Structure formats: C-alpha cells, structure tokens
Amino acid sequence: MNKYKTIYFIYDADGGLWNEIKYWYKKNILKDGNPCELCDISHSKYFVRIEWLNFIKELKKNYDVKVLHRDEVPQKVKDMKCSYPSVIGETFDNKLQKLLDKISFIDFEKPTNVAELKEQIKQQAI
C-alpha cells in the first residue's frame, strides 16, 4: 500500500512564462543565478524531458501528483519551511513529509536524472 496520497514536486523557480524565460536566460546565457536541480532533471536546455513526463504519468496512476513552482505552493506546504527544490509526500491522514529537499538534491546521493529520482521516490513512497 502507498504511504502517500499526494506527491508534490516543487521547483526552485517561479511559474509563468515570463519567469521561465528570465530563469532560462539567467541560467543559460548569463550563467548566473542559482540553478534548480529539479529543473535540471526534468528539463533539457530547451524542452521538458520525455522521461520526466513518463515518470509523472506513471506516478499519477497511484498518486495525486502536483508539479509546482515555488510561487504556486499551497500554504500547508509553505508552513513546512522547506528549501526548494523539494519533493513532499502527503499521507492519507493529511500529514506532510519531506522526501527530498535542496540538500538532498546537492549531497553525495543526489539524483542527477529522472531514473535516479524515480528510484529515490520509489524507495520512500511505497
């Protein structure tokens, strides 16, 4: 049985077309700013990765999946005061648990691609 009813993937970037253009420009042209490790996993330089879309589609068979930007996060998740990017699981009794946070994405066991992220989520969510 699954531990979680909802899994939140939260980017360390703001949503909306203009914010995405600014983020891309700073990262790829200016080589400036803080890159979002989850963005690097889910997107190539120009497009979303097919592996990411397939991973999210697969997760949606068993979970309610929310892929959000930091300015789209619900208050209950904000109240956790997590660093972004993060992955949060919400249990069936509405408790939130951090699966991955900024430190997890940059430490020695960091996921660097969709397959590694998928394995880490699978280990914690089932």
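Student: Which residues lie nearest the centre of the largest pocket?
Tutor: In this predicted model, E20, Y23, W24, H43 and S44 lie nearest the centre of the largest pocket. The lining comprises 20 residues.

Student: How much space lies in the largest pocket?
Tutor: The largest pocket holds about 420 Å³ of space.

Student: Which helix gives the most to the lining of the largest pocket?
Tutor: Helix α1 gives the most, with eight residues. Both α1 (17-28) and α2 (37-42) supply at least two lining residues each.

Student: And what is the lining of the largest pocket like by class?
Tutor: It has nine nonpolar, five polar and six charged residues.

Student: What about the second largest pocket: how many residues line it?
Tutor: The second largest pocket is lined by 13 residues, and those nearest its centre are K22, Y23, K26, N34 and R70. Its space amounts to about 230 Å³.

Student: Changing topic, how many aromatic pairs does the structure hold?
Tutor: The structure holds four aromatic pairs. One of them joins F9 and F55 in an edge-to-face arrangement, with 5.9 Å from centre to centre and 80° between the planes.

Student: Where in the chain do F9 and F55 sit?
Tutor: F9 belongs to strand β1 (residues 4-11) and F55 to helix α3 (residues 50-59). The two are 46 residues apart, and the pair links distant parts of the chain.

Student: Are F9 and F55 buried or exposed?
Tutor: Both F9 and F55 are buried.

Student: Which residues form one aromatic cluster?
Tutor: The cluster is formed by F9, W52 and F55.

Note on methods. Residues are numbered from 1 along each chain as its sequence is written. This is a predicted model: local features need pLDDT of at least 70, side-chain atom pairs count only at pLDDT 80 or more; totals for chains, interfaces and linings use all residues. Side-chain values use heavy atoms; hydrogens and water are left out. On a 1 Å grid over the protein atoms alone, a cavity is a set of points where a 1.4 Å probe fits but cannot get out, and a pocket is an open set with protein on both sides within 12 Å along at least five of seven lines; lining residues have an atom within 4 Å of a point. Grid points are joined across faces, edges and corners, and a volume is the space filled by probe spheres set on the points. Helices (H or I, at least four residues) and strands (E, at least two) are DSSP runs, numbered from the N terminus. Ala, Val, Leu, Ile, Met, Phe, Trp, Tyr, Cys and Pro count as nonpolar, Asp, Glu, Lys and Arg as charged, and the others, Gly among them, as polar. Rings of Phe, Tyr and Trp (its six-membered ring) pair if their centres lie within 6.5 Å; planes under 30 degrees apart count as stacked, over 60 as edge-to-face and the rest as tilted. Buried means under 20% relative accessible area, exposed over 50%, partly exposed in between (1.4 Å probe, protein chains only).
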